[in-house]
Amino acid sequence: MKLWLSQHWQALSRALRQLANTPLSSLLSIIVIGIAFSLPLGIYTMLGNLQAISSDTATTPQLSIFLKLNASQAEIENVNSKLEEFPNIASFQFISKEIALQQLQQESSLNEVVNNLPKNPLPDAFIINLQQILPDELEDIRAVIKKWPEIEHVQVDTDWARRVDALLRLGQLAVVMLAVVLGFALIIVVFNTIRLQILTKRDEIEVIKLIGATDSFIRRPFLYFGAIQGMAGAAAGWLLIALCIQAINESLVELTQLYATDFHLNYLSLDDSLSLLIFSALLGWLGARLSVAQHLSQIEPE
């Protein structure tokens with residue numbers, strides 16, 4: 001085990017020295033990878049902020065249920081009890097027909113018409129605020145409540161939910177597609193970089209093969225180099241997005257003060273950041289592995 005760890009530590013050290021010996025080309029490769037990663041990473045970060053914003057604004061799912069005109073007090077209390085036990089309900093409010101009529105008189109330009117009505121035409125109602133759920137689940141809840149015998153009508157506006165859900169799904173698809181395409185780009189960049197290194201060190205590789213070095217020993221520093229380059233590129237992309245978010249948040253300070261809010265964009269979470277680094281390191285390792293497999297076999301000592 002100590003020998004295995006020592007060999008890997010030596011390979012890692014050689015990969016780091018190679019990065020230090022070619023600072024300009026390594027930096028350019030890292031910047032290219034970082035810019036490539038910044039596009040899907042930026043979209044993913046914006047999607048996360050959009051989802052957070054949508055959950056904190058007026059787009060909270062809401063149902064309006066209207067009781068039958070002749071609903072008794074016992075029926076109203078029965079509906080109230082059912083709503084207290086119903087899942088996915090964050091809160092609800094009862095609005096009696098008398099209060100609804102008063103609000104209509106205060107807010108409507110038809111005040112005289114309302115006053116001349118022979119009787120109150122409005123039903124008792126409950127306004128229900130739901131937890132964040134999918135549009136299909138919202139429709140299922142509407143269907144269940146509609147079957148209650150005390151209920152005359154259930155009004156639900158799922159257009160907002162379907163729009164937000166469609167936008168998020170579209171954005172997630174765009175992130176996946178870009179990540180796949182740019183992942184291949186990262187593999188190609190690392191593949192070409194390792195190819196050039198192998199060609200540059202051809203004589204050295206032939207010599208160490210003559211003295212008995214195995215292919216795994218020769219291959220290991222290149223694999224570490226590819227993984228480090230991929231991880232460094234992802235870190236550069238993360239830093240670029242973080243700087244952009246910082247600049248946007250600074251610009252939002254004045255706007256949020258005008259509206260007396262504390263709105264700001266969130267950075268990529270720790271779990272997502274670690275996943276990004278691991279994913280990019282694996283892609284860099286894969287690019288190096290493919291390059292070494294193709295070119296190292298072509299070098300044999302004469």
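Visitor: How many bridges pair strand β1 with strand β3, and in which sense?

Guide: Strand β1 (residues 62-67) and strand β3 (residues 125-130) are joined by five bridges in the antiparallel sense. Strands here are DSSP runs (E, at least two residues; helices are H or I, at least four), numbered from the N terminus, and two strands pair if DSSP finds at least two bridges between them. This is a predicted model: local features need pLDDT of at least 70 and side-chain atom pairs count only at pLDDT 80 or more, while totals for chains, interfaces and linings use all residues. Residues are numbered from 1 along each chain as its sequence is written, and side-chain values use heavy atoms, with hydrogens and water left out.

Visitor: Which residue in β3 is the bridge partner of phenylalanine 66?

Guide: Alanine 125 is that partner.

Visitor: What is the strand order of the open sheet?

Guide: The four strands run β2-β3-β1-β4, with antiparallel pairing.

Visitor: Changing topic, how many cavities of 30 Å³ or more does a search of the whole structure find?

Guide: The search finds one. A cavity is a set of points on a 1 Å grid over the protein atoms alone where a 1.4 Å probe fits but cannot get out; lining residues have an atom within 4 Å of a point.

Visitor: Which elements give two or more residues to the lining of the largest cavity?

Guide: Those elements are α2 (23-56) and α9 (215-258). The most comes from α9, with four residues. Among the lining residues are Trp238, Ile241 and Tyr267.

Notes: On a 1 Å grid over the protein atoms alone, a cavity is a set of points where a 1.4 Å probe fits but cannot get out, and a pocket is an open set with protein on both sides within 12 Å along at least five of seven lines; lining residues have an atom within 4 Å of a point. Grid points are joined across faces, edges and corners, and a volume is the space filled by probe spheres set on the points.
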